[in-house]
Amino acid sequence: RIVLIGASVIFMFLMLILPLAVVLVTAFKDGISAYLRAVSDSYTIKALFLTVEATVLAVLFNTIFGLFAAWMITKFQFRGKGVLTTLIDLPVTISPIIAGLIFLLTFGRQSPLYPYLKDLNLEVVFAVPGVILATVFVTFPFVFREIIPVLENQGTDEEEAAALMGAGGFTIFRRITFPHIKWALLYGIVLCAARAMGEFGAVSVLSGHLRGKTNTLPLHIEILFNEFQYVPAFAVSSILVLLAILLLIVRSFVEYKGKGDE
């Protein structure tokens, strides 16, 4: 037991605690004033707002989709259910870079859709919609996958009984289904948000790295690092670290409350 605990502590220190400490120490290497200049830079602020925008929209879309898809998969029988479930899980197995290239070919200048998009004055590639689309894609199954096991364990007896007693569909969902899945749903939302904030690969391909326009925080950090601006890069990185810690605290709270309600 002592060996296993010691090995776990050493691993956690080397892989998590030490890197986080390095980020924070390097971020404040040139003093608090240099740190504040880096995090308050106009490009950093714009990257932060775009990251938040893409995260919020991705979470909103995938929450609605996840609820509907999980409800359909668990409560109804139809042909092709297994194929549909596999397709929903596809973003997890595809490299984000490949996903970005797929969307680049689908909505770029070489795409048959491009003339129609141009007529509608809608830009996807190298524009904010492309960043949001990429973020939605890579976080597609997170909410869905958290709700599915809970709905499967719940079964349909309570809902069928309520329906026989004359309850409507929305009432059944609000009074019977939702109380069972609320913590799983919130947990999926937290995971989706965490994944969306840190997305790099697909967004990198579709964004075009336009500073102040399509750069999210991860892309902005890469640009600063490639320009050998190490202290500003780590200063901006500390924002993502703090957001990750906040989400970790929220996730732990959700897990605790979820277990307490079981």
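Residues are numbered from 1 along each chain as its sequence is written, and side-chain values use heavy atoms, with hydrogens and water left out. Because the model is predicted, local features need pLDDT of at least 70 and side-chain atom pairs count only at pLDDT 80 or more, while totals for chains, interfaces and linings use all residues.

**View 1. The packing of helix 3 against helix 4.** The axes are lines fitted to C-alpha atoms over the stretch in contact, and angles run from 0 to 180 degrees between N-to-C directions. Helix 3 and helix 4 are therefore roughly antiparallel to each other, a term used for angles over 145 degrees. Phe65, Ala69, Met72 and Ile73 in helix 3 meet Lys81, Leu84, Thr85 and Ile88 in helix 4, where contact means heavy atoms within 4.5 Å. Sorted by class, this contact of helix 3 with helix 4 has six nonpolar, one polar and one charged residues.

**View 2. The buried residues of helix 8 and what covers them.** In helix 8 (residues 142-154), the buried residues are Val143, Phe144, Ile147, Ile148, Leu151 and Gln154, buried meaning under 20% relative accessible area with a 1.4 Å probe and protein chains only. Their cover includes helix 3, helix 4, helix 9 (157-164) and helix 10 (169-197). After helix 8 comes Gly155, which has a positive phi, near 75°.

View 3. Leaving out residues up to four places away in sequence, His220 touches Tyr43, Thr44, Ala47, Asn215 and Val236.

**View 4. Gly108 in the loop between helix 5 and helix 6.** The loop that holds Gly108 runs between helix 5 (96-107) and helix 6 (114-119), and Gly108 is buried there, with a relative accessible area of 7%. Not counting residues up to four places away in sequence, Gly108 touches Phe103, Tyr114 and Val125. Although Gly108 and Leu206 are 98 residues apart along the chain, their C-alpha atoms are separated by 9.3 Å.

Methods. Helices (H or I, at least four residues) and strands (E, at least two) are DSSP runs, numbered from the N terminus. Angles under 35 degrees count as roughly parallel, over 145 as roughly antiparallel, 65 to 115 as roughly perpendicular and the rest as oblique. Ala, Val, Leu, Ile, Met, Phe, Trp, Tyr, Cys and Pro count as nonpolar, Asp, Glu, Lys and Arg as charged, and the others, Gly among them, as polar. Buried means under 20% relative accessible area, exposed over 50%, partly exposed in between (1.4 Å probe, protein chains only).
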